[in-house]
Amino acid sequence: MGTSLVKLAHSIARDFLSGVEPLYAVDATVGNGYDTLFLAGLAGASGRVFGFDVQAEAIARARGLLEKNALSGVADLFLCGHERMEDFIPPELSGRIGCVFFNLGWLPGSDKSTITKPDTTLAALRASMRLLGGGRCMLSALCYRGHAGGQEEYEAVESFFCETFGTAFDSFSDLANKVSPVLLAAKFSS
Ligand SMILES: C[S@@+](CC[C@H](N)C(=O)[O-])C[C@H]1O[C@@H](n2cnc3c(N)ncnc32)[C@H](O)[C@@H]1O
């Protein structure tokens, strides 16, 4: 389910943001770099991706993936919490970011000791809303509910989406499974 929701988030972004140029995007949770790679491909040579992760291993894996795909030149990766994204994204791009992706939880293939937390995730979501703008915009958050603290983080993120977008966002999950991952995605113009 998680993997198919990753693909769904990519497909929504590809459809909605196609033709946006230059596209500036943020990967708030770089992890293994698959979302960073996707966003770098979408942004292309005219745009830019800014990626954040608190684990050096994640940044290294993502750098390797970008290099392998000849897209290193499109992305700036920061070993830093996403709640500080505004300290690193050039101020002239504030209000001009087209897409922010969150893929919460832990780094796949790690010891799971470092996971995203509601307080910093909410701070980063608020920062994202200050950065997004300039036309078509998308905010996407893939939440995992099965681990300790996952349900609470999901509820905090869902409340943020409700407060920010009202009913104007989509939620995708396996309705038969109360702990399945949930993708929250808002598309808007600003
Ligand atoms: C599920 S993984 C991301 C998967 C990634 N998007 C991909 O395509 O492979 C979640 C990541 O969030 C990172 N993380 C945890 N707290 C963070 C924070 N405050 N800021 C940025 N990243 C954080 C973890 O280190 C982990 O690598």
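## Helix α2 against helix α3

Two residues are in contact if their C-beta atoms, placed from the backbone, lie within 7 Å. In this predicted model, T36, L37 and A40 of α2 meet A62, L65 and L66 of α3 on that criterion. The residues of this contact divide into 5 nonpolar, 1 polar and no charged.

Two packed helices are described by the angle between their axes and the distance between the axes. For α2 (residues 34–43) and α3 (residues 56–68), the angle is about 40 degrees and the axes are 9 Å apart. That angle makes α2 oblique to α3. The crossing of the two helices is right-handed.

How many of the 10 residues of α2 are buried? The count is 8, so α2 is largely enclosed by the rest of the structure. The buried residues are D35, T36, L37, F38, L39, A40, L42 and A43. T36, L37 and A40 are on this list, and they also meet α3.

The buried residues of α2 pack against several elements. The helices are α1 (2–17) and α3. The strands are β1 (24–27), β2, β3 (75–79) and β4 (99–103). After α2 comes G44, with a positive phi near 60 degrees.

## Helix α4 against helix α5

Helix α4 (residues 118–131) packs on α5 at an angle of about 25 degrees, with the axes 9 Å apart. The two helices are therefore roughly parallel to each other. The cut-off for that label is an angle under 35 degrees. The crossing of α4 and α5 is right-handed.

From α4, the contact takes in P118, T121, L122, L125 and M129. From α5, it takes in E152, E153, A156, V157, F160 and T164. These residues divide into 7 nonpolar, 2 polar and 2 charged.

## F161

F161 sits in helix α5 (residues 150–165). Is F161 buried or exposed? It counts as buried, because it has 20 C-beta neighbours inside 10 Å. The threshold for buried is 20 or more.

Leaving aside neighbours within four places in sequence, F161 is in contact with F169, L184 and A186. F161 and E86 are 75 residues apart in sequence. In space they are 20 Å apart, C-alpha to C-alpha.

## Backbone exceptions in loops

Most residues other than glycine have a negative phi, and most peptide bonds are trans. The following sites depart from that pattern.

The peptide bond from E21 to P22 is cis, with omega near 0 degrees. P22 lies in the loop between α1 and β1.

A70 is not a glycine, yet has a positive phi of about 55 degrees. It lies in the loop between α3 and β3. A70 counts as exposed, because it has 9 C-beta neighbours inside 10 Å. K112 also has a positive phi, near 65 degrees. This residue is in the loop between β4 and α4. K112 has 11 C-beta neighbours inside 10 Å, so it counts as exposed.

Terms used. Residues numbered from 1 in each chain as written. Predicted model: local features only at pLDDT ≥ 70, side-chain atom pairs only at ≥ 80, totals over all residues. Axes fitted to C-alpha atoms, helices over the stretch in contact; angles between N-to-C directions. Helix = DSSP H or I, 4+ residues; strand = E, 2+ residues; numbered from the N terminus. Parallel < 35°, antiparallel > 145°, perpendicular 65-115°, else oblique. Left-handed = near helix turned anticlockwise from the far one by under 90°. Nonpolar A, V, L, I, M, F, W, Y, C, P; charged D, E, K, R; others polar. Buried ≥ 20, exposed ≤ 12 C-beta atoms within 10 Å, placed from the backbone.
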